[in-house]
Amino acid sequence: MEIHIEYYLIVSTVMMVSGIYGFLTRKNILAMLISVELVLNATDINFAVFNRYLFPAHLEGHFFALFGIAIAAAETAVAIAIMINIYRNVRSIETKDIEEMKH
Amino acid sequence: MNITLSEVVFYIAAVIIMIFSVMTVTTKHMLRSATYLLFVLFSTAMFYFILDYTFLGAAQIIVYAGGIVVLYVFSILLTRSNKNLNLHVKPSKLAAAGITSLVGGAIILFCIYTHGFASTLVPATGDSELDMSTIGEALMGAGKYQYMLPFEAVSVLLLACMIGGIVIARKK
């Protein structure tokens with residue numbers, strides 16, 4: 001019994017698909033951001049796993065996952081700042097209430 | 001049939017990830033969603049530890065579990081979005097999203113199984129945990145396969161995002 005590369009990929013596929021489902025169905029922007037977080041995390045797993053299994057002498061996937069984590073943190077911080085500003089102006093962060101710029 | 005400890009840990013983490021990532025997007029309560037996301041991120045860090053990328057796992061725990069989830073919980077409480085998540089989602093839209101996700105996942109799994117990877121097992125280089133000095137030299141060097149430029153770019157990005165966050169969320 002060994003851990004094959006496909007096992008990791010199945011787990012990350014389930015994670016990414018549930019992230020996509022949440023992004024399509026959620027009405028609250030914070031919940032949509034949490035779904036995006038799941039998708040980003042699944043790609044980070046894939047980078048690390050491909051690096052470990054297919055190119056163990058190199059470190060590209062490892063560092064790409066590391067920079068991906070940093071960029072996800074930056075994106076989350078700015079997005080939450082925007083959402084708090086929206087909440088201050090509109091008193092809601094539901095997608096149905098935010099349509100000023102839609103038309 | 002002998003099962004090593006890392007396989008046991010892997011299967012536990014895999015089950016936790018698959019269950020809780022689905023529950024993250026289906027639960028009705030926002031705070032529970034953030035908590036399940038925390039479980040998923042911890043299990044991802046367990047994956048990195050099993051892969052011998054201990055620095056990556058530590059960064060995952062520090063940045064995601066320590067920083068991002070706390071930020072989520074604070075903003076959930078600040079914006080009073082703790083309940084009524086799936087308000088007014090039409091069943092047809094739920095079904096369409098579910099079918100889209102399932103078909104997409106099926107295509108991805110089909111590609112994974114028919115690809116035939118060059119090596120499906122961990123290459124036998126021994127239990128080689130990635131050395132911390134190797135990571136440091138690769139991050140700080142400017143040569144080939146070294147990452148000085150992205151490191152600096154990320155530092156500038158983080159500074160810009162910090163300033164942007166302050167400016168956007170500032171009280172007028």
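**Figure 1. Burial in chain B of the predicted model.** Buried residues, those with 20 or more other C-beta atoms within 10 Å of their own, C-beta atoms being placed from the backbone, make up 22% of the 172 residues in chain B. A residue with 12 or fewer such neighbours is exposed, and one in between is partly exposed. This is a predicted model, in which local features need pLDDT of at least 70 and side-chain atom pairs count only at pLDDT 80 or more, whereas totals for chains, interfaces and linings use all residues. Residues are numbered from 1 along each chain as its sequence is written, with chains lettered from A and ligands numbered from 1 in the order in which they are written.

Figure 2. Chain B has six helices and zero strands; helices (H or I, at least four residues) and strands (E, at least two) are DSSP runs numbered from the N terminus. An automatic or database assignment divides chain B into domain 1 (1–86) and domain 2 (131–172). The C-alpha centres of domain 1 and domain 2 of chain B are 24 Å apart. The pLDDT, the predictor's confidence in each residue from 0 to 100, averages 86 over chain B, and 88% of the residues score at least 70. Among the elements of chain B, α2(B) has the highest mean pLDDT (92) and helix α5 (residues 132–140) the lowest (85). The model scores ipTM 0.91 and pTM 0.89.

**Figure 3. The three helices of chain A.** Chain A contains three helices and zero strands. The C-alpha trace of chain A spans about 55 × 25 × 25 Å along its principal axes. Of the 103 residues of chain A, 50% count as buried.

**Figure 4. The contact of chain A with chain B.** Chain B gives 73 residues to the contact and chain A gives 62, two residues being in contact if their C-beta atoms, placed from the backbone, lie within 7 Å. On the side of chain B that touches chain A, two or more residues come from each of α1, α2, α3, α4 (91–115) and α6 (148–169) of chain B. That side of chain B divides into 50 nonpolar, 21 polar and two charged residues. Ala, Val, Leu, Ile, Met, Phe, Trp, Tyr, Cys and Pro count as nonpolar, Asp, Glu, Lys and Arg as charged, and the others, Gly among them, as polar.

**Figure 5. The largest nonpolar core.** This core has 61 residues, of which Met15(A), Leu30(A), Ala48(A), Val49(A) and Val40(B) touch the most other members. Helices α1 (5–25), α2 (29–54) and α3 (60–90) of chain A and α1 (5–26), α2 (30–50) and α3 (54–78) of chain B each supply at least two residues of the core. The largest share, 13 residues, comes from α2(A). A nonpolar core is a set of buried Ala, Val, Leu, Ile, Met, Phe, Trp, Tyr and Cys residues joined through C-beta atoms within 7 Å. Not counting residues up to four places away in sequence, Ala48(A) touches residues including Ala65(A), Tyr48(B) and Leu56(B).

**Figure 6. Two loop residues with positive phi.** Asp52(B), in the loop between α2 and α3 of chain B, is a residue other than glycine with phi near 70°. Asp52(B) counts as partly exposed because it has 18 C-beta neighbours inside 10 Å. Tyr145(B) lies in the loop between α5 and α6 of chain B, and its phi is near 55°. Tyr145(B) counts as exposed because it has 10 C-beta neighbours inside 10 Å.
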